[in-house]
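Biologist: I am new to this structure. Could you take me through some of its helices and contacts?
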Amino acid sequence: MVQTHISWVFIASPFVFKVKKPVDLGFLDFSSLEKRRYFCRREVELNRRLAPEIYLDVVPIYKTASGFSFDAEGEIAEYSVKMRELAHGWFLSDMLAKGLVGETEINRVVSTLHCFYESETPTPEIEQWGTPEKLKISTDENFAQVEPFVAKTISPAALEAIRHFTNQFYVTNEKLFFERIQQHRILDCHGDLHLDHIHITPERLSIFDCIEFNDRFRFIDIANDLAFLAMDFDFEDRRDLANLLLKTAAREFGDDGFLKIADFYKCYRAFVRGKVESIQAIEPETAKPQEHEKQAARYFRLALQYAVSGSERLVLILMGRIGTGKTSVSCQLGRDLGWPVFSSDEIRKTLAGIPLSERTPQERRDEVYSHQMTKRTYQQLLDNGLAALATHAGVILDATFSKRVLRQFLCERCADANVRLQVVELEVDLEEIESRLKARDDKAAEVSDARLEDLAKLNAAYEPPLELAPDLIRISASGTAAETVKIVLSRLGEKSVSWADSLHNQR
């Protein structure tokens, strides 16, 4: 027996029987026997579109004196979907784990879906679900249903940032959504298109287990449908396959707007998966709730990554004068996004052979903070950050970047590496900086050497990053680190929306 948050699945080779749980989760209602019977029939009918050989029938389960039986005696206790069992080892998730998914498999999936979408007829009833107004029903519902899990599987800042990005995207791209409707891209799709629902043998490709319990989850943009599978590849650290899938689909479907909206839908899909895993974590029958919580947190981090940087690799710089909270904010951003954080203070001390928790001795200050050592520090900072992008979608660099020449070096390195760069400057008034620097004397593990007596000199040497405007994001960091992180993430989401819009317009 295998269970999800809405079903029990019993594997009885060569068959599989799926029984719906008597639950009402708002977005689905299986609370009565008659409703479960109806949705069992809908499941068979809808899934025969892409997997006719799998879905056999709806069969009643009878309650007898000796237990439960499929034989026709006693009262009907439940209904189940009877399916043919699929051969093990050929699910796309299994194939991916074995390193057997490549261009050939991607092409087969896209070709199958292309035929499927062409066979579906768009209607006004279906196409209305492509408008921002209707889409907001689902996204607002998701945000409300995730509220109980805040501070458990998702941070308050992450939830607000994803919500802000989503609503901002609706406003900025309203025309795009209506263009998708006019182009008849809103169809009765699969709705739950992920790795475990695709079975691919040399002879046959089957796509099964579509959404039957709520039509609006199937009445979607084809880009929304494919975005689920692309997100799944990203989740498994195969962004190459995610990109290949989406670009192949855009080309095969002759769909110029496909890539403009795919990241928005990937964010939506990752958020939904985070919600589902969070729900499963609190179910009484769940054997390992911690595993579901861990998976939920990973999905929410991925959703947040899409909100702040789309599918592009991002170097995020947290710069500013001393005492503006760069390190605290960087560390919390790193936790929310799941990105590594590199600090110039740590790198400088490591290069100089000085323990991180100790202040640099006065007699070594000129050496450690010389022009030559600063150059080495920033070179290492960029080396570490760019190297981390081989395994992460983004990286956070924490440094003052007080000199224009250092920022020029940063821009050149990122351009050479073909990665997106976003600089955030934290700003705090001098009185607050003085207060924070005074407090540093009481912190035993403070990495930064800067103290109140250094403020005047360092402040005078700081060159404001005027040359980075208008791409620079300036943030007041006078509040707590948590408050600043919330603002930074929201501003990054806004920037991501406008940046993606301009990029795709160029394409």
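Biologist: Is Asp-234 buried or exposed?
Modeller: Please bear in mind that this is a predicted model. Asp-234 has a relative accessibility of 3%, and because buried means under 20%, Asp-234 counts as buried.

Biologist: Which helix is Asp-234 found in?
Modeller: Asp-234 belongs to helix α8.

Biologist: And which residues does Asp-234 touch, not counting residues up to four places away in sequence?
Modeller: With those neighbours set aside, Asp-234 is in contact with Arg-239, Ala-242, Lys-266, Leu-302, Tyr-306 and Ser-311.

Biologist: Turning to α9, which of its residues are buried?
Modeller: They are Leu-241, Ala-242, Leu-245, Leu-246, Thr-248, Ala-249, Ala-250 and Phe-253.

Biologist: What do the buried residues of α9 pack against?
Modeller: Their partners are α2 (92-97), α3 (103-119), α8 (222-235) and α10.

Biologist: How far apart are the end C-alpha atoms of α9?
Modeller: They are 21 Å apart, which agrees with the 21 Å that its 15 residues (239-253) should span at 1.5 Å a residue.

Biologist: What follows α9?
Modeller: Gly-254 does, and its phi is positive, near 60°.

Biologist: Another topic: at what angle do the axes of α7 and α10 cross?
Modeller: The axes of α7 (residues 174-182) and α10 (residues 258-281) cross at roughly 115° and come within 11 Å. The two helices are therefore roughly perpendicular to each other, and the crossing is left-handed.

Biologist: Which residues meet there?
Modeller: From α7, Leu-176, Phe-177 and Arg-180 meet Phe-258, Lys-260, Ile-261, Phe-264 and Tyr-265 of α10. Six of the residues in this contact are nonpolar, two are charged and none is polar.

How values were computed
Residues are numbered from 1 along each chain as its sequence is written. This is a predicted model: local features need pLDDT of at least 70, side-chain atom pairs count only at pLDDT 80 or more; totals for chains, interfaces and linings use all residues. Side-chain values use heavy atoms; hydrogens and water are left out. Axes are lines fitted to C-alpha atoms, for helices over the stretch in contact, and angles run from 0 to 180 degrees between N-to-C directions. Helices (H or I, at least four residues) and strands (E, at least two) are DSSP runs, numbered from the N terminus. Angles under 35 degrees count as roughly parallel, over 145 as roughly antiparallel, 65 to 115 as roughly perpendicular and the rest as oblique. A crossing is left-handed if the near helix is turned anticlockwise from the far one by less than a right angle, and right-handed if clockwise. Contact means heavy atoms within 4.5 Å. Ala, Val, Leu, Ile, Met, Phe, Trp, Tyr, Cys and Pro count as nonpolar, Asp, Glu, Lys and Arg as charged, and the others, Gly among them, as polar. The expected span of a helix is 1.5 Å times one less than its number of residues. Buried means under 20% relative accessible area, exposed over 50%, partly exposed in between (1.4 Å probe, protein chains only).
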